[in-house]
Amino acid sequence: MVRHASRHCRGYSYLPREKNNAASGLINLSRNIGGSTGIAFATTMLARQAQIHQNNLISHISPYHPQARQTLWSIRQMLVHHGAGQVQAVQESLAMVYGTVQHQAAMLSYIDVFKTMALIFLTIAPLVILMRRIKPGAVAAH
């Protein structure tokens, strides 16, 4: 049974048995802090990148841009055709375009975060080669 447990506890398999509880606590603490830091990093990056992409996308929507004007006009006409008043149709068409911009900005920010996480993973993955191989049942000399 002890031998089986040592295979699953590779992080502290070289430690004497009396130090296993302390090592387990430190490994769990490190894992929790690392996970929380990673989640905070990803969430912050998502929010910031969404703002950046939203600003970039909004810069292409103006009353002087023919395609934006045509899109707003088409949406407004569709809303009027379905019973909305002119003022309501203008407001709802702007809201629909803004919602589309927010969705696109969110999607682009998720792509950015995914690329960043992939780059971090690919940078750290070669470090696995440098890790020591643990022999089952081995205990480190102190």
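**Entry 1: the overall fold**

How many helices and strands does the secondary structure of the protein come to? I counted four helices and zero strands, where helices (H or I, at least four residues) and strands (E, at least two) are DSSP runs numbered from the N terminus. From the N terminus on, the elements run α-α-α-α.

A note to myself: this is a predicted model, in which local features need pLDDT of at least 70, side-chain atom pairs count only at pLDDT 80 or more, and totals for chains, interfaces and linings use all residues. Residues are numbered from 1 along each chain as its sequence is written, and side-chain values use heavy atoms, with hydrogens and water left out.

**Entry 2: inside or outside?**

Next I looked up burial. Of the 142 residues, 18% count as buried; buried means under 20% relative accessible area, exposed over 50%, and partly exposed in between (1.4 Å probe, protein chains only).

Is Ala105 buried or exposed? Ala105 sits in helix α4 and counts as buried because its relative accessibility is 1%. I also checked Ala105 against Ile58: they are 47 residues apart along the chain, and their C-alpha atoms are separated by 9.8 Å.

**Entry 3: a nonpolar patch**

I then turned to Phe41, which lies in helix α2 (residues 20–58). Phe41 counts as partly exposed because its relative accessibility is 37%.

Helix α4 gives the largest share of the patch, three residues.

**Entry 4: the second largest pocket**

Last, I opened the second largest pocket, with a volume of about 270 Å³. On a 1 Å grid with a 1.4 Å probe, a pocket is an open set of points with protein on both sides within 12 Å along at least five of seven lines, and lining residues have an atom within 4 Å of a point. Among the lining residues I found His60, Thr71 and Val101. Helices α3 (66–81) and α4 (86–124) each supply at least two lining residues. The lining divides into six nonpolar, six polar and no charged residues.

Conventions: Points joined across faces, edges and corners; volume = space filled by probe spheres on them. Nonpolar A, V, L, I, M, F, W, Y, C, P; charged D, E, K, R; others polar.
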